[in-house]
Amino acid sequence: MNSPFDVVIIGSGFGGAITARRLAEKGMRVLILERGRRWYPAHYPRQPGDPWIFSQRSPERHNGWLDMRFFRHMTIAQAAGVGGGSLTYSSVALEANPDVFRRGWPAEITHAELKPYYDTVAREMDLQVVPDGQLTARFKLAREAAHNLGYDDRFSKAALAVSFSEEWHGGLEDPFDPKHSKPFVNAHGERQGTCIHLGNCDIGCDVRAKNTLDVNYIPRAERHGADVRPLHVVRYIEPVDGKYRVVFDRIQDGQLIRGEEIAARVIVAAGSVGTTELLLRCRDEYRTLPALSPVLGMHWSPNANFLSMGRYPAEENRVSQSKGVTISSILDFTDGSFRNERFAIEDDGFPNVVLNALKASLDNQLVSAFANTLLEELEEHLRENYLLTDLMVWLGAGMDAADGRFHLQRRSFLSRDLELNLDWNAASSQGVLDAISEMQKNLTQATGGRWFTPPTWSLLKNLLTLHPLGGCRMGVSAHDGVVDHLGQVFGYPNLIVADGAIVPTSTGRNPSHTIAALAERIAAHVS
Ligand SMILES: Cc1cc2nc3c(=O)[nH]c(=O)nc-3n(C[C@H](O)[C@H](O)[C@H](O)COP(=O)(O)OP(=O)(O)OC[C@H]3O[C@@H](n4cnc5c(N)ncnc54)[C@H](O)[C@@H]3O)c2cc1C
Ligand code: SF4
């Protein structure tokens, strides 16, 4: 059976973009199928009616920026578009603490093994830290909090995939005017500009200062012949004559148009939730991949994401919430020195991307009654004027129990439709969540702020994660994993998973750099 492609890659986030580039460089004919749009600054969502949301259930009508999934005790935010999570992420790129790999990971993967790949990604994504003359108010507040508590040695600037110019500073006339962004052509031949601290990192950088995958790995892949097709939602994968058929719906003019491509090799890189859902449907709904491991869906982790807030007197002007890169510092306890739990805390910009997507979901009646309650509670709490200027957001990430379980279940008693469901319960991760919230409270109080947790947690015990991990974890055999240490799916030769779904534990610190390093390693072994 002739096919124009050697490999079909599903998804264009960290796993998809990196494997696409590397395999295209090896001379393979690569096709990327990405469910979201190809975004350009002129089209980023900004106003209430803009395309904020992507709905996996009705992508022909809702194919916007963020895909929010609402489960009983967990809300998951993830990107949709060419470049995947790099479009929405806060650009923080950190290696995991070497201890992370000691338990739950295949023996082949250690920090030393991943280090050359971490370094490669750091070079390609051109990681930088905020110059001293551009420290944000939030950075300074977090640094003061760490100092007051005696944690100076744990506090540092976070490595960011952002391009800075030493010449920018807040004292410039009209400092946030795009005229202060210096245009340049990056090492991949793409036009970018330097950061002018607009604070829009999670909703699309207007001056292209973020070093997102669509200005490095993806154009490199395209220069080697890769074909990138946005607005292609993959539905299932089916073995056929020693190859794989990938069946998708193409979004065009508000319609879904069925299509398919065949290749000898398929790389699934649709992210922790996307990949897990796709493979669960292949095993349990379409039954095209019936021999997938029984472990599929299990060992899912929200990377112990925990957000809380500190409110500061308006007259002190200490937070300047919406100004500056979204995150720029890290306070690290991943050595387990606080309450024996491993976690890190960062100064976060206000998650306007999440609120906007939540509102859009509500307006379009895309959320359950439960999610509706979440939004109302959140809005109630955030309605006042102090929001943008005086509210500090602390983002915690840490090592949790990684015991969530995705599965398909009928939408209702009478329905035949299967929908994705998540069993996750805070109880087994309570230790790390308590440690993070206690530290966030200490940091707020050490700087004279008033601390509170969002009612989504205090009242409803529902967490929001930006760092979904696992669901198709690496293991030694199909008894304890879905894929091996190279992402190869047990039982299906040349079917590979190369994204956050294969990560078998939390990463503690932000996960994208580890996912990227794993993808580089997987690609290096494909021949
Ligand atoms: C607001 C926000 C801020 C974040 N900040 C940070 C940060 O600062 N640092 C950090 O390390 N991490 C951060 N993250 C998390 C980070 O974005 C993810 O960990 C990372 O993107 C995961 O990479 P991935 O390759 O596994 O999947 P993704 O990057 O999510 O890529 C998966 C791609 O597959 C596509 N896809 C899914 N299903 C299908 C399908 N059926 N057919 C076709 N395509 C499909 C998706 O549209 C997406 O483009 C943040 C996330 C969010 C939402
Ligand atoms: S702060 Fe503004 S200019 Fe800088 S990276 Fe973020 S969105 Fe771009």
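How many residues surround ligand 2, and which are the closest? The views below start with that site. This is a predicted model, in which local features need pLDDT of at least 70, side-chain atom pairs count only at pLDDT 80 or more, and totals for chains, interfaces and linings use all residues. Residues are numbered from 1 along each chain as its sequence is written, chains are lettered from A and ligands numbered from 1 in the order in which they are written, and side-chain values use heavy atoms, with hydrogens and water left out.

**View 1. The surroundings of ligand 2.** Ligand 2 is surrounded by 14 residues, and C195, L198, G199, C201 and C205 are the closest. A residue is near a molecule if one of its heavy atoms lies within 4 Å of it. Nine residues of this shell are nonpolar, four are polar and one is charged. Here Ala, Val, Leu, Ile, Met, Phe, Trp, Tyr, Cys and Pro count as nonpolar, Asp, Glu, Lys and Arg as charged, and the others, Gly among them, as polar. Ligand 2 takes up the space of the second largest cavity. A cavity is a set of points, on a 1 Å grid over the protein atoms alone, where a 1.4 Å probe fits but cannot get out; a molecule sits in it if more than half of its atoms lie within 2 Å of its grid points.

**View 2. The largest nonpolar core.** This core has 154 residues, and those with the most contacts inside it include V30, V266 and F406. A nonpolar core is a set of buried Ala, Val, Leu, Ile, Met, Phe, Trp, Tyr and Cys residues joined through side-chain atoms within 4.5 Å. Buried means under 20% relative accessible area, exposed over 50%, and partly exposed in between (1.4 Å probe, protein chains only). Helix 12, residues 512–525, gives the most to the core, with seven residues. Helices (H or I, at least four residues) and strands (E, at least two) are DSSP runs, numbered from the N terminus. Beyond four places in sequence, V266 touches V8, I10, I237, Y244, V246, N494, L495 and I496; contact means heavy atoms within 4.5 Å.

**View 3. S512 in helix 12.** S512 belongs to helix 12. S512 is buried, with a relative accessible area of 9%. With neighbours within four places in sequence left aside, S512 is in contact with F14, Y89 and V92.

**View 4. T19 in helix 1.** T19 is part of helix 1, residues 14–25, and counts as buried at 1% relative accessibility. Although T19 and A498 are 479 residues apart along the chain, their C-alpha atoms are separated by 7.7 Å. Residues up to four places away not counted, T19 touches I9, I267, A498, A519 and A523.

View 5. The loop between strand 1 (7–10) and helix 1 holds G13. G13 is buried, with a relative accessible area of 11%. Neighbours within four places in sequence aside, G13 is in contact with I18, G83, G84, G85 and L213.

**View 6. Two loop residues with positive phi.** L231 lies in the loop between strand 8 (227–229) and strand 9 (232–240), and D241 in the loop between strand 9 and strand 10 (243–252). Phi is near 55° in L231 and near 50° in D241. L231 is partly exposed at 23% relative accessibility, whereas D241 is exposed at 65%.

Methods:
On a 1 Å grid over the protein atoms alone, a cavity is a set of points where a 1.4 Å probe fits but cannot get out, and a pocket is an open set with protein on both sides within 12 Å along at least five of seven lines; lining residues have an atom within 4 Å of a point.
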